[in-house]
Amino acid sequence: MSDTASLTEEDTPSREELLTQVELLEEENQALYESYTRAKQTQYRRTAIGLVGIAVVATVAGLAIPPARTILLSLAGIGFFGGVLTLYLTPEQFIASDTGRDVYTALAENEQAIVTELGLTEERVYIPTPDTDDPAKLFVPQRDEYALPDSSSLANTIIASENPPENGVAFVPSGTRLFESFTRALSGSLGDTPSALGTQLTDALTAQFELVETARAEVDTTTDAITITVSGSAYGPLTRFNHPVVSFIAVGLATGLDRAVTATVSDTGIENGDYRIRYYVDTNSGR
């Protein structure tokens, strides 16, 4: 790491200060979670009420218009059934896009501030772990020439190892809980090749989570590097720290391939405000 990035003992935040900031980030993340749930549940309830309303109108019309009674009562039955089913199957966990984006922005700014204050590098490395609750960690190394910390070190937020190249910070990726939801909804098994994972994860971004409008995966078969091109991000610029879109795909790749994955994001040379994310697989790593 260069001298300009080095921190003196005087301006280095204490471990207690950094842990306090991490706790604040966790509280902000919980607020994101709760606001997300309330907004989407309201939307589903309104849909259910609308369907029941159609059913009531169809029932009244069926009683008043005998020639069309069969069709109208059938429509009423469909409406009642659809309304009850929609209400019963309303998912418990959602994110309202605007509120979620605002809370995520604060979260990203605070995490980026920690990285900047510690003078860490621009590397963003997602490392698989044996922890089922956190299947991967976002490691930001202190040095340009770094080594991957082991799983016991990754259990800590601040990594101060006896081996300096392993020093840095390990965050829970913002895409971890999304990945859990994705695996629960997955009809088959999680892919174990870059191509299969790229297809599964980009489909989930657009169809399951609606975090982006479009997402396309390309795999370099010679290096296994994966390039994802996306447009219409619901959570703003993908260049922000620990972005959910970048993080979700990285966690999926690291877990599915059981390899560390480095992510870089670019918005240059791309039309219509699209973003290009490149993931490089460390073939020498693994749990």
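**Entry 1: where α6 meets α7**

I looked up which residues of helix α6 touch helix α7 in this predicted model, and I found P194, L197, L201, A204 and L205 on the α6 side, facing V245, F248, I249, G252, L253, G256 and L257 on the α7 side. Sorting the contact by class, I counted 10 nonpolar residues and 2 polar ones, with no charged residue taking part.

I then turned to how the pair is arranged, since two packed helices are described by the angle between their axes and the distance between the axes. Helix α6 covers residues 194–208 and helix α7 covers residues 244–257, and I noted an angle of about 145 degrees, with the axes 10 Å apart. For the handedness, I wrote down that α6 and α7 cross in a right-handed way.

Which residue pairs with D134 in a salt bridge? I found that the partner of D134 is R177, with 3.2 Å between the closest N and O atoms. This pair links distant parts of the chain, because D134 sits in the loop between β1 (125–128) and β2 (136–141), while R177 belongs to helix α5 (residues 176–185), 43 residues apart.

R177 also meets the side chain of E180 in a salt bridge, at 3.0 Å from N to O.

D134 has a relative accessibility of 14%, so I noted D134 as buried, the cut-off being under 20%. R177 is partly exposed because its relative accessible area is 39%, and E180, at 22%, is likewise listed as partly exposed.

**Entry 2: E122 and R124**

Finally I looked up a salt bridge between the side chains of E122 and R124, where the N to O distance is 3.9 Å. Are these two partners buried or exposed? E122 has 66% relative accessibility and therefore counts as exposed, whereas R124 has 13% and therefore counts as buried.

Note on methods: Residues numbered from 1 in each chain as written. Predicted model: local features only at pLDDT ≥ 70, side-chain atom pairs only at ≥ 80, totals over all residues. Heavy atoms only, no water. Salt bridge = Lys/Arg side-chain N within 4 Å of Asp/Glu carboxyl O. Buried < 20%, exposed > 50% of the residue type's maximum accessible area, 1.4 Å probe, protein only. Helix = DSSP H or I, 4+ residues; strand = E, 2+ residues; numbered from the N terminus. Axes fitted to C-alpha atoms, helices over the stretch in contact; angles between N-to-C directions. Left-handed = near helix turned anticlockwise from the far one by under 90°. Contact = heavy atoms within 4.5 Å. Nonpolar A, V, L, I, M, F, W, Y, C, P; charged D, E, K, R; others polar.
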